[in-house]
Amino acid sequence: MKILHTSDWHLGKSLMGYSRIDEQKQFIEELTALCDQQQIDLVLIAGDIYDTVNPSAEAEKLFYSAVRTLSDDGKRPILLVSGNHDSPNRLTAATPIATELGILMVGTPRTVVPLFQGSHFAVVDAGEGYVEIEIGDERAVILTMPYPNEKNLNEIISEELTDKEFQKTYSEKIGAILKETSTRFRADTVNLVVGHFFVRGGELSGSELDIQLGGAYAVHASAFPTNADYIAMGHLHRPQKIGGTIPHAYYSGSPIQYSKSEIHYAKCVYIAELHAGCEAVVTKHYLKNSKPIEIWKADNVLHALALCEENKDKECWVFLEIKTDTSISMTDMRQMRGLKKDIVEIMPIISGHDEEEALRMDTEKSIGDEFKAFYLSRKSVEATDEMTELFLKILNDFLGGDENATS
């Protein structure tokens with residue numbers, strides 16, 4: 001049995017107001033081709049399908065098209081769990097139709113996947129937190145753990161555990177659930193876990209702003225069942241293998257670069273070849289980077305203009321950092337953006353100021369450029385200087401009037 005593990009698509013996500021939907025479409029096309037070339041039997045999507053609980057119509061259309069194409073019109077099962085960016089109810093609203101194509105959606109830890117008999121596979125058993133799929137001569141038992149916030153974890157365990165047990169830590173609660181559901185694992189099945197959470201020791205990229213480092217929402221590797229053949233995880237954007245008692249626990253990471261903190265490593269998906277009673281064979285398949293994020297560093301405004309001219313046809317997003325003794329004029333910034341259309345941010349590196357003052361000025365310029373990019377993307381015209389200044393003033397007042405509030 002060959003499974004493909006992917007996660008953190010964040011469909012609909014933008015880069016400071018600039019749409020990434022075309023890059024996301026290219027990723028889906030590449031993923032579909034890879035599934036066909038590698039003869040993938042099962043696709044696991046470990047959460048954060050969307051970037052927001054209220055995705056755009058365009059993002060939803062891409063999702064439905066993607067899972068239908070990946071399923072090969074019902075020949076290949078797709079199993080996905082929701083992430084912290086997803087609305088479980090909205091994500092799984094199409095379950096009655098999706099199930100007919102073997103697309104299995106798990107929105108909350110209590111979800112029971114419908115049984116299904118298709119032409120190429122069957123869902124032969126299911127219950128709260130697990131599903132058993134028959135594909136050819138193999139069977140896979142999969143434990144499902146959508147993003148487990150404290151509320152739905154409490155709802156699950158409060159009916160079965162004592163008050164003392166109820167006070168267990170977040171990690172212990174998840175471990176208790178996985179321990180219970182892992183009793184479904186058998187020697188004659190491929191035993192899998194798919195979930196969306198932060199495992200302590202995982203390496204962050206800087207994009208996962210909502211992860212509480214060292215806090216209650218971290219899961220210890222010891223929480224996972226030791227008899228799992230492969231653990232497919234989502235939440236962290238950097239692809240990585242997690243150490244511990246499980247030999248094959250992976251984050252597949254996000255498929256494209258979603259921030260400049262993600263530019264120092266390649267994007268990938270994992271393919272695991274699994275057979276009951278045998279060690280998993282896991283390979284990493286790197287993804288194309290159709291439009292990378294780059295950081296350009298210029299010694300002055302003239303150097304920045306030269307960089308824009310030399311690279312005006314290069315397909316990339318640009319964060320432009322410019323050393324300067326004074327602020328950069330709007331005329332110069334318009335000229336740079338006129339030469340290189342995909343400049344996301346122009347950041348002046350001001351000399352002659354102390355570190356704190358330079359940081360304040362850089363941050364204000366960054367927020368101002370972000371506002372301009374957002375306004376341009378929505379109105380198709382540039383925001384005026386006066387409008388941007390008014391926005392920064394309102395923001396500063398809203399945050400309390402402190403001179404450093406915009407940071």
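Which exposed residues does the face of α2 turned away from its buried side carry? That face carries Ala57 and Lys61. The model discussed here is predicted. Its chain has 407 residues, and 54% of them are buried. The secondary structure comes to 11 helices and 21 strands.

**The chain as a whole**

- The chain exposes about 18,700 Å², and carbon and sulfur atoms supply 50% of that area.
- Among contacts between residues at least 6 apart in sequence, 65% join residues at least 24 apart.

**Helix α2**

- Helix α2 runs over residues 57-70, which makes 14 residues.
- The buried residues of α2 are Ala59, Glu60, Leu62, Phe63, Ala66, Val67 and Leu70. They lie on the same side of α2, because they cover an arc of only 160° around the axis.
- An α-helix has 3.6 residues a turn, so residues three or four places apart point the same way.
- The cover over the buried residues of α2 includes the helices α1 (21-37) and α3 (88-91). It also includes the strands β4 (42-46), β5 (78-81) and β6 (103-106).
- Ala57 and Lys61 are exposed, on the face turned away from the buried side.
- Asp72 follows α2, and its phi is positive, near 55°.

- Val53 lies in the loop between β4 and α2.
- Val53 has a relative accessible area of 47%; it therefore counts as partly exposed, a class that lies between the limits of 20% and 50%.
- Leaving out residues up to four places away in sequence, Val53 touches His85, Asp86, Ser87 and Arg90.
- Val53 and Asp86 are 33 residues apart along the chain, yet their C-alpha atoms are separated by 4.8 Å.

**Aromatic rings**

- The count of aromatic pairs comes to eight.
- Phe116 and Phe121 form a tilted pair, with 5.3 Å from centre to centre and 35° between the planes. Phe116 counts as buried because its relative accessibility is 13%, and Phe121 is buried as well, with a relative accessible area of 2%.
- Tyr230 and Tyr250 form a stacked pair, with 5.4 Å from centre to centre and 15° between the planes. Tyr230 lies in strand β14 (residues 230-234) and Tyr250 in strand β16 (residues 249-251), so this pair ties together parts that are 20 residues apart in sequence.
- Tyr50, Phe63 and Tyr64 are linked into a cluster by ring pairs. Phe63 is also one of the buried residues of α2.

**A charge over a ring**

- Which ring does the charged end of Lys291 sit over? The ring is that of Trp317, and the charged end is 3.8 Å from its centre.

Conventions
Residues are numbered from 1 along each chain as its sequence is written. This is a predicted model: local features need pLDDT of at least 70, side-chain atom pairs count only at pLDDT 80 or more; totals for chains, interfaces and linings use all residues. Side-chain values use heavy atoms; hydrogens and water are left out. Helices (H or I, at least four residues) and strands (E, at least two) are DSSP runs, numbered from the N terminus. The expected span of a helix is 1.5 Å times one less than its number of residues. Buried means under 20% relative accessible area, exposed over 50%, partly exposed in between (1.4 Å probe, protein chains only). The arc is that of the directions from the helix axis to the C-beta atoms. Contact means heavy atoms within 4.5 Å. Rings of Phe, Tyr and Trp (its six-membered ring) pair if their centres lie within 6.5 Å; planes under 30 degrees apart count as stacked, over 60 as edge-to-face and the rest as tilted. A charge sits over a ring if NZ of Lys or CZ of Arg is within 6 Å of the ring centre and within 35 degrees of the ring normal. Accessible areas come from the Shrake-Rupley method with a 1.4 Å probe; for residues, only the protein chains shown count as cover.
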